[in-house]
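Q: Please take a close look at one part of this model, the interface between two of its chains, and describe it in a connected way with the cut-offs stated.

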Amino acid sequence: MPAVSKGDGMRGLAVFISDIRNCKSKEAEIKRINKELANIRSKFKGDKALDGYSKKKYVCKLLFIFLLGHDIDFGHMEAVNLLSSNKYTEKQIGYLFISVLVNSNSELIRLINNAIKNDLSSRNPTFMCLALHCIANVGSREMAEAFAGEIPRILVAGDTMDSVKQSAALCLLRLYKASPDLVLMGEWTSRVVHLLNDQHMGVVTAAISLITCLSSKNPDEFKTCVSLAVSRLSRIVSSASTDLQDYTYYFVPAPWLSCKLLRLLQCYPPPEDGAVKGRLVECLETILNKAQEPPKSKKVQHSNAKNAILFEAISLIIHYDSEPNLLVRACNQLGQFLQHRETNLRYLALESMCTLASSEFSHEAVKTHIETVINALKTERDVSVRQRAADLLYAMCDRSNAKQIVAEMLSYLETADYSIREEMVLKVAILAEKYAVDYSWYVDTILNLIRIAGDYVSEEVWYRVIQIVINRDDVQGYAAKTVFEALQAPACHENMVKVGGYILGEFGNLIAGDPRSSPLVQFNLLHSKFHLCSVPTRALLLSAYIKFINLFPETKATIQEVLRSDSQIRNSDVELQQRAVEYLKLSSIASTDVLATVLEEMPPFPERESSILAKLKKKKGPGAVTVELEDGKERGELNGGGDRGGDAAIAASNASTPSPSADLLGLRSTAPVSGTTPSAGSLLVDVFSEAGPSATSAGVNDDGFLSALHAPEASDSPLVEGPGDSDSAPPTVASEDPAPPLPESDELLNKFVCKNNGVLFENQLLQIGIKSEYRQNLGRMYLFYGNKTSVQFVSFNTTVSCPGELQSQLNVQTKTVEPLVEGGAQVQQVINIECLTDFIDAPLLNIKFRYGGALQNISLKLPVTINKFFQPTEMAAADFFQRWKQLSQPQQEAQKIFKASHGMDTEVLKAKLLGLGTALLENVDPNPENYVCAGVIQTKAQQVGCLLRLEPNAQAQPGEQMYRLTLRSSKDTVSQRVCDLLAEQF
Amino acid sequence: ITFLTLHFLSSPAIQIRFILIQNRAGKTRLAKWYMQFDDDEKQKLIEEVHAVVTVRDAKHTNFVEVRLYACLSCLQFRNFKIIYRRYAGLYFCICVDVTDNNLAYLEGIHNFVEVLNEYFHNVCELDLVFNFYKVYTVVDEMFLAGEIRETSQTKVLKQLLMLQSLE
C-alpha cells in the first residue's frame with residue numbers, strides 16, 4: 001500500500017487509519033475506535049513515562065478520531081506537553097491538536113500561552129511560526145491579552161525572518177479583528193505601512209491584508225499607504241511577465257498581490273497628489289490595455305489570473321466614479337465578456353456591470369448592451385447567471401427602456417425558476433411604478449404580474465397598486481375597468497380577487513354606467529369568487545359589499561340578503577361573522593348621510609417609501625440596494641404629493657403596532673399587522689380569556705368594521721421611513737436637556753435581550769450599532785455611531801445615565817467621544833458596566849449633535865438587562881427538580897402565559913434561550929416539547945440562581961399557539977424581571 | 001452613504017470563512033475554519049456545501065451564493081459565496097464574502113492544489129487522508145487568519161521541504 005509508506009514517521013497512525021478505512025460498517029468503525037481510545041487512555045495513564053514520539057503518535061490518533069466526528073475528552077494535557085518538546089514534528093502535532101480542539105479550559109489556556117511565549121522568544125523561526133499560526137488559528141481574547149503587545153514588535157523588528165514577518169502580520173490581523181481594543185498600533189503605524197516597500201513579495205502580500213483592515217478602520221492614520229501602494233502596483237504592472245520570478249503565475253506578475261493592492265486603494269478616495277493620481281491612472285490604463293493583448297498562454301489559469309486583476313481594477317474605477325474615460329472603457333471590456341465562452345466571465349461581467357449602471361458616466365454605455373443581457377436572461381443555463389442578468393436589467397432600467405425591460409421580465413417570469421420568482425415580481429413592480437409615464441400601463445403591468453405569478457405576489461405588491469390607484473384619480477376609472485375584465489376569467493388568482501374587491505368597492509361607480517358592468521353585475525362577479533377564497537379575502541369582500549351599498553343603493557337588498565344568510569351571519573369564523581353582523585346592522589339602521597360618511601372613499605395615502613422597495617432590500621440583503629436608494633427622489637412623482645396625509649396617516653399609525661420582531665432594517669414584511677389579520681387575535685382572547693393581559697392582541701381595539709379597508713397601509717412599519725417622507729425627520733428638540741427616551745426605545749431594548757450585537761437604532765442621519773460582551777458581573781459594550789450623511793456632525797456628545805434607583809444598582813463608565821463625526825464616518829465608544837445588584841430599569845443613552853445647524857437630541861435605552869449577567873449552569877434532571885421544589889414559595893415564582901408572536905421553530909427557540917445566557921438543559925423535562933434552563937445571575941452583592949421552564953403548545957393552529965413561561969429564583973424581583981423580558985421574545 | 005451593517009459584520013472582515021475539501025460522496029478531507037462555528041453548525045455547513053456544489057456541472061460557474069449566519073451571536077443571515085473547483089473526485093471549496101474577488105480565490109485554489117501535487121508527488125485523495133496533519137501545515141503556509149499568506153509555489157515548497165527534513 002503506497003499511501004501507508006507515505007505516512008512516514010508514524011507507522012502506528014497509518015495502520016490505524018488503514019484499519020478504519022477497512023471497516024465495513026459504522027459499528028465496526030466505532031468498535032475499532034473504542035478499542036484505540038482504550039489503548040491510548042491506558043498508555044496515557046500508565047506508569048511508564050511516554051517518550052515524545054509515542055505521545056505525538058497518540059495525540060495524532062486522537063486528532064484523527066476527532067476529525068472523524070467523535071468526541072474526544074482527554075489528551076489535551078499530553079498535547080500541551082508536546083508544545084514544550086524541542087522537536088519540530090512533536091511541537092507541530094501539539095499545536096495542531098490545540099488549534100483544532102481548542103476549548104476555553106482556563107488552566108490549559110495558561111499553559112498553552114506559556115508554551116507560545118517560549119516559542120515566540122526562542123529566535124527559532126520555525127518555532128516562532130508555529131506559535132504565531134496557533135495564535136492566528138485560535139485568536140481568543142486570552143491570547144490577545146497575552147500577545148497583542150509582543151507581536152507588533154516581532155513584525156517590525158529588523159532581524160525578524162521574512163517568513164516570521166508574514167505570519168506575524170496575519171496573526172496581528174486576527175487579533176485585531178477579534179479584540180480591536182487590545183491591539184494598539186499607534187507607534188507601529190508608520191513602520192507597518194512601510195512593509196508595503198519590503199523587498200520580499202510574500203511579506204508585502206501578508207502585510208497588505210493587515211494594512212487594508214487597519215486602513216478601513218482608521219483611514220487617516222494610514223493614508224500614507226496610498227502612495228506606497230500606487231508605486232508598488234506600478235512596479236508590478238509595468239514588469240515583464242517573467243521579471244518577478246517566483247511571484248509570476250502563468251505569465252501574470254503577482255496577480256494576488258496586485259488584487260490586494262487595488263483593494264487597499266478602494267479604502268480611499270482618489271489620490272489628491274496629482275503625480276500619484278497620474279501614476280495610478282496609468283496603471284489602470286495598462287491593466288485595461290493588457291486585457292486587449294493576445295494571451296501569453298492558452299491555459300485558463302493565465303486568463304483567470306489576468307482577469308482577477310482586471311475585475312479588481314474595474315472595481316476601483318467604479319469606486320472612484322470620477323474618470324469617465326476609464327468607466328466607459330471598463331464598460332466596453334465587460335461588454336466583450338458578456339459574450340465570452342467562459343460562463344465565469346459572463347457571470348462576473350454581468351455582476352460588475354450592475355454597479356457600472358449606477359454611475360452617471362457609464363449608465364448610457366451599459367444600456368447599449370441591453371439585447372445581450374436580455375438574451376442571457378433567456379438562454380443562460382446556470383440560474384445564478386440568469387439572476388445576474390435580471391439584476392443588471394433592473395439596474396440599467398430608466399424611462400427610455402422601462403417598457404421593454406418590464407415586458408422582457410414579465411415574459412421571463414412565465415418560465416422563471418421558482419427560486420427567483422418572488423424577487424423578479426418585486427423588481428417588476430418597482431420598475432413599473434418608478435417609470436410609469438401613464439398609469440394605465442402601470443395598472444396593466446401589475447395585474448399581469450398577478451396573473452402570471454400570483455403566488456409570488458406578496459401583500460406589499462397588491463397593497464401598493466391600491467395605494468397608487470387611490471392616490472391618482474386619473475387612473476381610477478381605468479383600474480376599475482381593468483380589474484372588472486380580469487375578474488371575468490373563470491379561474492383567477494386570489495390576489496386578483498383582493499385587488500378587484502378593493503378597487504370595485506371604491507371605484508365601481510366609475511364603470512357602473514355601462515350596462516355590461518352595472519352594479520349588480522359587478523356584485524355578482526365578485527360574489528362568484530367569494531366561496532373559493534380564504535378568510536382574509538372573504539373579509540375584504542364583505543367590506544367591499546358594504547361599500548357597494550353606499551355606492552349603489554339599488555344593490556342594498558341583494559347584499560343584505562347575502563349578509564343575512566346563515567353562511568355569513570353564523571359563520572364559524574369570528575371575524576367573518578362579526579363583519580356580517582356589523583355591516584348588516586349598519587346598512588339597516590344608519591341613515592344615507594351617516595352611511596355616506598362612514599363609507600366614504602378612502603383618503604389618499606401619505607407619501608412614503610414604497611413598501612415593495614423595502615421588501616426587496618430585505619430580500620437581497622444589505623449591500624444590494626444602493627441602486628434603488630439613490631432613486632428616492634424620483635419616486636415622489638408618481639403618487640400624489642406628500643401633503644395629503646390626513647386621516648389615512650392616523651389610521652396607519654393606529655393600525656401598525658411595532659412588533660418585537662422588527663428586524664434590523666425595521667421592515668416587518670413577515671408579520672404585517674394588516675387590518676384583516678388581527679381578527680385572529682380577537683378569537684384568541686375569547687378562547688384564552690384567562691391568559692391575562694399579555695394575550696390581548698394589539699389589533700383588537702381598532703378591529704371593528706372597515707378595518708379591512710386599511711389593509712394597504714398597514715404594511716409600513718413606523719420605523720421605516722422613506723427618504724421622501726416628511727414625518728420621518730429625526731426628533732429635533734430645541735432644548736439642550738436630554739430628550740425623553742424615544743417611544744420605541746423599550747422595543748429596541750427588547751430586541752437585544754437574547755443577543756449582544758446588532759443595530760440598536762437607525763434614522764436618516766445616524767446609525768447606532770452595538771457589540772457587547774459580559775463576564776461574571778462585568779460587561780463591556782462597544783457603541784458604533786455611524787454618520788449616514790455626507791455632512792459632518794458637530795458638537796457630537798453622548799451621555800449615559802442611570803435614572804433613579806439604577807444609580808445604586810449599576811456602575812456605568814464611559815469615555816467621551818470626539819465632538820466631530822465626519823460625513824460617512826463611524827466612531828466607537830466603549831462603555832464599561834458593573835452590575836452591583838439586580839435591577840429593572842435600563843440605563844439611558846442620550847445623543848446630541850448638530851447637523852446642518854439643527855440640534856439633534858435623541859434618547860434611547862441601552863440594552864443592558866439583568867439576564868446579561870447570567871452564567872449558564874448545567875445540571876442533571878434530579879438536581880433540577882430538587883432545586884425547583886426548593887424554590888416553591890409563591891413570591892419566588894413568576895409566570896406568564898402569552899401568545900406566540902413568531903413561529904415555534906425549535907432551533908430559533910433554542911437559540912433565543914441560549915442567547916438569554918442560561919444553559920439549556922436537555923433530557924430534563926419529561927415532556928420533550930418543553931424547554932428548561934438554568935443559570936446564575938452574577939451581581940457584585942450576590943448570586944441569584946434562576947430556573948426557567950417554557951411550555952409551548954406547538955400543536956395548536958398557527959395564530960393560536962401559546963406559551964407558558966415559569967421562572968423561579970431565590971429573589972422575587974429577579975424572577976419577575978427575567979419573566980417579563982423573556983415573554984417579549986417569542 | 002448607507003451603513004447597512006456594522007463594521008464587525010461587514011467587509012473587510014475575515015476574508016475566507018472556511019476552506020473545505022470534500023469528495024463526491026461528501027466525505028470531508030480537510031476542513032479549515034476561520035470563523036467560530038460550533039460543531040453542529042460545521043456539520044450543517046459541510047452538508048450544505050456538498051449539496052450545492054455537487055449538483056453543478058462544467059456549464060455552471062465556479063461560484064455559488066449561499067446564505068449563512070453572519071455572526072454567531074446575532075441571528076442574522078447574510079449572503080456569502082462558495083468558490084469551488086473540482087479535481088477528479090475532490091471538490092476544493094473556499095467560502096468568502098460576496099464582494100470578494102472570485103477569480104483571485106479560484107486561482108488561489110489552483111495554486112494550492114499545485115503545491116499539494118508537487119509536495120505529495122502526484123497527489124491523490126489517499127495522501128490527504130494519511131497525511132492529514134501535513135495538509136494543515138500546507139494550508140497554514142499559504143492561507144493564514146483567512147487571508148492569503150504566501151503565493152509563491154517555490155517559496156512554499158522550499159519551506160515545506162525544510163520542515164520535512166526536521167525531526
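**The interface of chain B and chain A**

A: Between them, chain B and chain A bury about 7300 Å², with 57% of it on carbon and sulfur atoms, where buried area is the accessible area (1.4 Å probe) that two parts lose on being put together, summed over both. This is a predicted model, in which local features need pLDDT of at least 70 and side-chain atom pairs count only at pLDDT 80 or more, while totals for chains, interfaces and linings use all residues. Residues are numbered from 1 along each chain as its sequence is written, chains are lettered from A and ligands numbered from 1 in the order in which they are written, and side-chain values use heavy atoms, with hydrogens and water left out.

Chain A gives 96 residues to the contact and chain B gives 74, contact meaning heavy atoms within 4.5 Å. Six salt bridges are counted between chain B and chain A, each being a side-chain nitrogen of Lys or Arg within 4 Å of a carboxyl oxygen of Asp or Glu; in one salt bridge, the side chains of R56(B) and D382(A) meet at 2.8 Å, N to O. On the side of chain B that touches chain A, the elements that give two or more residues include strand 2, strand 3 (63-71), strand 4 (76-87) and helix 2 (102-119) of chain B, and helix 2 of chain B supplies the largest share, nine residues. Helices (H or I, at least four residues) and strands (E, at least two) are DSSP runs, numbered from the N terminus.
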